[in-house]
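Keep the viewer open, try each task yourself, and then walk through the solution.

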Amino acid sequence: MNVRVLSPPEDARSEDDRLAADRVAADRVDLSMEAFKHAFLDNLFYVQGKIPALATKRDYYMALAFTVRDRMLHRWISTAEAYTTHGSRTVAYLSAEFLMGPHLGNNLLNLGISEEVRRAVGELGLDFDEMAACEDEPGLGNGGLGRLAACFLDSMATLEIPSIGYGIRYEFGIFQQEIVDGWQVERTDKWLRFGNAWEIARPEWAVEVKLGGSTESYVDHEGRMRVRWVPHRIVTGVPYDTPILGYRVNTANTLRLWKAEAPESFDFSAFNSGDYYGAVNQKVTSENLSKVLYPNDESVKGKELRLEQQYFFVCCSLQDMLRILRVQQIPVSRFHEKFAVQLNDTHPSIAVAELMRLLVDEHAMDWETAWSITRRTFAYTNHTLLPEALECWPIAVFAQVLPRHLEIVYEINARFLDEVRIRFFGDEARIARLSLIDENGGRYVRMAHLACVGSHAVNGVADLHSQLIRQNLLKDFYDLWPEKFSNKTNGVTPRRWLALTNQRLAALICEAIGDGWVKDLGKLVELEKFAADVQFQKSWQQIKRSNKEDLAVLARDRTGVSVDPDSLFDVQVKRIHEYKRQHLNVLHIIALYHRLKSDAHFDMHPRTFIFGGKAAPGYHLAKLVIKLITAVGDVVNRDPQVRDRIKVVFLPNFNVTNGQRVYPAADLSEQISTAGKEASGTGNMKFCMNGALTIGTQDGANIEIRREVGPENFFMFGLTAAEVEGLRRAGYRPAAFYESNPELRQVLDLIREGFFSRGDPTQFRSIVDGLLHWDTYMLLADFQSYVDCQTQVEQAYRDAQHWSRMSILNVARSGVFSSDRTIQEYAQEIWRVPRVPIRLLSQNDLTFGLA
């Protein structure tokens with residue numbers, strides 16, 4: 001690769017060259033193209049330590065990333081100075097997951113220099129796309145929860161809301177998925193192997209975290225009875241900070257992720273005595289806390305590690321907030337005035353007990369005052385309607401890991417239940433349901449209950465989800481405190497998921513209505529007047545086809561399957577789970593295949609079915625669903641009679657990077673979960689925002705999408721949540737649907753008889769038997785409605801103008817699904833955090849006090 005070097009500092013003996021280099025190094029905020037090129041070369045030489053003849057593509061990427069980060073730091077430091085000087089009220093967003101996606105493109109977009117940088121590296125003889133492809137995506141999340149947290153950080157910065165995201169710097173994130181012989185195989189995600197240019201370590205802010213041990217009572221110097229935690233071991237939490245830029249504003253907030261380290265990494269005495277393993281044992285044990293995202297918790301040791309992980313990042317984060325109070329000279333008694341702490345699902349809910357420990361044990365605060373501060377500090381977002389997903393920890397595990405916190409939980413529970421007994425006199429059943437301790441079939445700490453009791457606000461993430469929380473999941477808490485509960489429908493950032501992901505479409509939209517929609521997505525409604533414009537529709541169609549061509553290339557490269565960009569791209573990409581019903585989609589594919597094979601007169605528009613998503617390593621049935629998808633694809637894709645009409649592709653390793661290729665290319669978005677099971681969904685919003693039409697149940701945010709885009713622009717099918725519950729209570733017998741529906745019977749028989757498993761009738765038996773005997777998620781009940789709705793899709797797609805009009809209207813009416821709208825609701829109604837515009841510091845400001 002030949003790089004055209006601009007005035008490289010080759011002659012270290014030249015005073016002029018040294019002065020020029022000093023000037024370039026000193027000016028790290030200039031966004032001009034020439035300054036950027038000089039800075040890029042400086043970073044290649046002085047940071048990467050490479051000359052062009054020796055540099056790799058990754059060296060060029062790292063130099064580029066450091067050059068962009070330099071320009072972010074001016075905003076970051078200016079933001080920190082403003083928050084520190086003014087003591088700004090701040091959102092602390094606690095989340096076990098942050099699925100940020102690649103940083104480079106998003107940061108360039110938010111700085112407003114994407115095209116300039118692309119031209120600058122081009123003038124240096126480099127390929128920007130090749131450099132960007134070198135970025136390792138941080139796999140610090142499992143799916144929607146972590147990606148939502150990332151969208152929220154983007155929106156808080158864009159809306160100039162002071163915030164810090166707190167989580168774990170997992171050394172190995174969500175696994176890399178490979179498909180081998182149709183089966184998912186997990187490979188280690190070594191995202192840090194080449195370093196991370198976007199983060200800065202802050203070892204000076206490290207904190208200690210206690211684990212295990214016991215407690216003891218003592219009397220302090222003022223004669224008060226106190227409790228001291230005597231831990232079995234101590235680990236150190238070291239923060240790593242990543243700046244989070246807002247779009248075209250000066251705000252750069254912080255994502256602070258914690259790495260676990262041993263206080264002493266090497267035991268010389270053990271080593272010198274020949275105990276070589278013991279010499280590093282403390283280091284290995286401590287670092288396990290931040291080693292892997294979601295360790296397998298089937299064993300007791302696995303449960304302990306997962307609880308330790310959750311406590312670790314919560315403890316670090318709350319101690320960090322107390323440090324910030326000290327720096328800003330704010331008394332601890334005003335903790336709740338400085339910080340609005342949001343619990344992103346139940347993973348960080350141990351924060352309620354930990355803040356109480358810090359206030360009562362470490363700061364000698366009386367219980368009532370500490371509890372008042374705690375309840376005014378926290379707010380809790382619930383993200384699930386599956387009772388089994390509400391975390392409960394066995395008392396024995398909890399006592400082993402967090403003995404002091406168990407005592408605190410018991411005290412919180414005792415005082416809380418005293419309140420309940422007065423409010424609901426004589427209702428012992430209600431008291432048992434509300435208790436923080438589950439006494440049924442073993443004793444467990446109910447973490448969602450702890451979050452509800454210790455928070456001033458509880459919210460769901462879609463209208464239906466919030467309704468079902470109030471009516472079912474947390475009904476007793478709603479009866480007790482109805483004022484706590486609200487809905488905050490999820491959203492996604494239009495910067496990443498439209499402006500960056502679908503640049504062709506974004507350019508067309510900007511040409512039609514301007515670029516104001518990037519910060520105010522509601523302005524997309526102005527596209528409605530173009531929905532029937534034939535020329536605009538043609539441009540819209542051309543963009544969709546170009547995006548489909550790109551995805552077709554990716555599919556061929558990753559899977560070897562060639563697909564037709566003129567076919568209907570029918571896409572279902574999400575975590576593999578029974579309630580998300582990827583296997584219902586497969587049943588429809590098999591039904592179409594059977595029709596094509598058995599009916600010479602059956603006609604259909606060519607369709608490409610695209611799947612993507614990861615199954616949890618221990619979730620055997622979900623992994624079998626992946627095998628079923630790939631097995632059906634193997635048969636269909638090589639059958640000459642049907643392969644021009646149906647193709648099936650499973651894209652391995654679905655993540656943010658791959659999502660940015662998939663969402664813009666989709667024609668049809670599959671959102672087919674059992675009604676009443678999906679909390680919200682955000683993939684549905686990304687598809688809608690990119691012009692895909694939705695086929696979906698009345699579940700999660702599907703209901704609101706349909707309401708916004710119009711029922712005529714949405715393909716709805718299936719039972720409602722109330723009908724699902726009614727059928728279950730009436731005694732659901734799935735075999736009755738099998739017996740009464742000939743096509744369904746043919747489909748299941750093909751699977752059961754081994755047609756898609758090389759004649760092996762046992763391979764998918766557990767799937768078929770589960771559907772016929774239990775069908776927990778009611779695939780068979782919804783099958784015919786789903787197939788009929790797919791026929792409507794087929795008919796609509798054949799009319800290109802009609803389909804384009806529907807697609808344009810979906811985008812035009814997607815404004816409410818911006819995470820900016822969601823964050824504004826949180827900020828105004830739960831956090832009470834005002835925006836803080838940032839003034840960029842001058843060079844004099846930066847050097848003030850150093851002379």
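**Exercise 1.** How many bridges join β14 to strand β15, and in which direction do the two strands run?

*Solution.* Begin with the ground rules: this is a predicted model, where local features need pLDDT of at least 70, side-chain atom pairs count only at pLDDT 80 or more, and totals for chains, interfaces and linings use all residues. Residues are numbered from 1 along each chain as its sequence is written, and side-chain values use heavy atoms, with hydrogens and water left out.

Step 1: find the elements; helices (H or I, at least four residues) and strands (E, at least two) are DSSP runs, numbered from the N terminus. Step 2: look between β14 and β15 (residues 444-446), where 2 bridges join the strands in an antiparallel fashion. Strands pair if DSSP finds at least two bridges between them. Step 3: pick out a bridge; D438 has Y444 in β15 as its partner. Step 4: widen the view to the open sheet of 3 strands, ordered β13-β15-β14 with antiparallel pairing. β13 (392-394) and β14 (437-438) each have a single partner strand, so one side of each lacks a neighbour in the sheet.

**Exercise 2.** Is H405 buried or exposed, and which residues is H405 in contact with beyond its neighbours within four places in sequence?

*Solution.* Step 1: locate H405 in helix α15 (residues 403-423). Step 2: apply the cut-offs, with buried under 20% relative accessible area, exposed over 50% and partly exposed in between (1.4 Å probe, protein chains only). H405 has a relative accessible area of 0%, so H405 is buried. Step 3: list the contacts (heavy atoms within 4.5 Å). Leaving aside neighbours within four places in sequence, H405 is in contact with W229, Y311, I350, A353, E354, R357 and F398.

**Exercise 3.** Which residues have the most contacts inside the largest nonpolar core?

*Solution.* Step 1: define the core as a set of buried Ala, Val, Leu, Ile, Met, Phe, Trp, Tyr and Cys residues joined through side-chain atoms within 4.5 Å. Step 2: the largest such core has 186 residues, and F398, F715 and W831 have the most contacts inside it. Helix α10 (residues 300-327) gives the largest share of this core, 12 residues. Step 3: compare with a second, separate core of 56 residues, which includes L500, L554, I610 and M689.

**Exercise 4.** What is the mean pLDDT of the protein?

*Solution.* Step 1: recall that pLDDT is the predictor's confidence in each residue, from 0 to 100. Step 2: the mean is 93, and 94% of the residues reach 70 or more. Step 3: note residues 5-13, where the pLDDT is below 50. Where pLDDT is low, the predicted coordinates should not be read in detail.
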